[in-house]
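This briefing walks through one protein model, topic by topic, for a reader who has the sequence and the coordinates at hand. It begins with a single helix and its surroundings, and then turns to strands, core and domains.

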Amino acid sequence: MSHIHSPALEKTGYVVLDRHDQAADPAEWLDLAYVPWRSSGVTRFAPLASYSGEPECNGFWNHTPPRTDKDGVWVAEQATRAPTLVRRAQEAGANVGRCRVVELQPNTYADAIYNLHQDDNNRLNPDGTGWVVRGFYNLTDDPDSLLILREDRFDPNTEVRLPLPAGSRIIVDTQRFWHAVWHRGSAPRYALITSWTSGPELDAHLAAEHAQSDVASVPLDPALIEDAQRELHRRIEERRRAFEALGEVLEPTDPLWP
Ligand SMILES: [Fe+2]
């Protein structure tokens with residue numbers, strides 16, 4: 001037995017859907033309540049669906065009883081402020097786990113590379129059921145910002161860079177890819193992030209929205225990449241030393257490993 005995966009994501013691990021007409025929607029994300037939640041970079045989150053409908057962001061496995069990232073409960077006071085965003089999360093037709101709006105402050109490419117991480121959406125996910133993937137729907141218009149995906153955290157040759165204009169929709173197996181956003185704007189970036197369960201409903205949605213896996217990666221100056229690689233290793237070493245000074249050894253398997 002293994003989990004049910006979307007055939008559309010099998011080849012590359014991500015797909016890009018047709019762009020949504022974001023300009024036609026109200027800017028509901030500005031009406032939401034944000035809670036501090038440090039993810040990749042300087043972020044806050046507005047939870048729309050959570051473990052039990054409370055306005056918090058914690059993984060469902062960190063609650064009692066723990067469960068995987070499925071069957072999210074809508075946060076009533078948030079959902080009433082953002083009906084369009086809730087509808088967009090639901091229109092995929094798939095089970096929704098965590099659903100929230102991320103607010104990300106501008107950063108650098110080197111920051112993004114340091115922030116690369118894999119999600120843990122499928123912790124406690126029962127074998128034989130749908131694999132949890134994530135949708136990233138860009139709400140603000142950030143055409144110069146990039147979603148960065150790496151199959152191998154330390155290997156830039158495995159990197160794919162996808163632009164984030166308003167209405168861009170990218171579905172990613174975020175447990176397979178190391179990922180982070182390089183946000184080049186001057187104002188915060190807002191995006192709707194939804195955990196969906198793979199299965200026939202999601203497959204039908206991906207097909208209807210013309211999911212493409214053969215999208216071109218945005219080219220980048222090799223010198224910039226090289227600098228960021230150096231900075232990545234420098235920051236990791238700096239962090240390792242900081243822990244060492246406290247008498248703690250930080251292993252790559254440690255949850256606090258940067
Ligand atoms: Fe993530």
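**Helix 5 and its surroundings**

The buried residues of helix 5 pack against helix 1 (7–10), strand 1 (14–17), strand 9 (169–172) and strand 11. The model is a predicted one, and the points below should be read with that in mind.

- Within helix 5, which spans residues 200–208, the buried positions include L202, H205 and L206. These residues cover an arc of only 100° around the axis, which means that they lie on the same side of helix 5.
- P200 and A207 are exposed, and they are found on the other side of helix 5.
- The residue H210 follows helix 5, and its phi is positive, near 55°.

**Strand 5 and its partners**

- Strand 5 covers residues 96–104, and because nine of its nine residues are buried, strand 5 is largely enclosed by the rest of the structure.
- Strand 5 is joined to strand 3 (residues 43–50) by six bridges, and the two strands run antiparallel; in this pairing, P47 stands opposite R100 of strand 5.
- Strand 5 is also joined to strand 11 (residues 189–197), here by seven bridges and again with the strands running antiparallel. L104 has R189 of strand 11 as its bridge partner.

**Strand 3 and its other neighbours**

- Seven of the eight residues of strand 3 are buried, so strand 3 is largely enclosed by the rest of the structure.
- Strand 2 (residues 35–36) runs antiparallel to strand 3 and is joined to it by two bridges, with P36 standing opposite R44 in strand 3. Strand 2 and strand 3 form a hairpin with six residues between them, and in the turn G41 has a positive phi of about 100°.
- Strand 4 (residues 73–74) is likewise antiparallel to strand 3, with two bridges joining the pair, and V73 of strand 4 stands opposite S50.

- An open sheet is formed by three strands in the order 8-7-10, with antiparallel pairing. Strand 8 (159–164) and strand 10 (178–182) stand at the edges with a single partner strand each, so one side of each is left without a neighbour in the sheet. On average, and with direction ignored, neighbouring strands of this sheet are turned by 20° against each other.
- Six bridges connect strand 7 (residues 142–150) with strand 8, and these strands run antiparallel; L147 stands opposite L162 of strand 8.

- In soluble globular proteins, nonpolar side chains tend to be buried together.
- Here the largest nonpolar core has 59 residues, and those with the most contacts inside it are L48, V101, L147 and I171. Strand 5 gives the most to this core, contributing five residues.
- Which residues is L48 in contact with, leaving aside its neighbours within four places in sequence? They are W74, V75, Q78, A79, A82, L85, V86, A89, C99, R100 and V101.

- The domain assignment divides the protein chain into domain 1 (7–215) and domain 2 (221–258). The centres of domain 1 and domain 2, taken over C-alpha atoms, are separated by 26 Å.
- Between the domains, five residues of domain 1 are in contact with nine residues of domain 2.
- V249 lies in the segment after helix 6, which spans 222–245. V249 counts as exposed because it has 9 C-beta neighbours inside 10 Å, and 12 or fewer is the cut-off for that class.
- Apart from its neighbours within four places in sequence, V249 is in contact with F243 and E244.

Key:
Residues are numbered from 1 along each chain as its sequence is written. This is a predicted model: local features need pLDDT of at least 70, side-chain atom pairs count only at pLDDT 80 or more; totals for chains, interfaces and linings use all residues. A residue is buried if 20 or more other C-beta atoms lie within 10 Å of its own, exposed if 12 or fewer, and partly exposed in between; C-beta atoms are placed from the backbone. Helices (H or I, at least four residues) and strands (E, at least two) are DSSP runs, numbered from the N terminus. Two strands pair if DSSP finds at least two bridges between them. Axes are lines fitted to C-alpha atoms, for helices over the stretch in contact, and angles run from 0 to 180 degrees between N-to-C directions. The arc is that of the directions from the helix axis to the C-beta atoms. Two residues are in contact if their C-beta atoms, placed from the backbone, lie within 7 Å. A nonpolar core is a set of buried Ala, Val, Leu, Ile, Met, Phe, Trp, Tyr and Cys residues joined through C-beta atoms within 7 Å. Domain bounds come from an automatic or database domain assignment.
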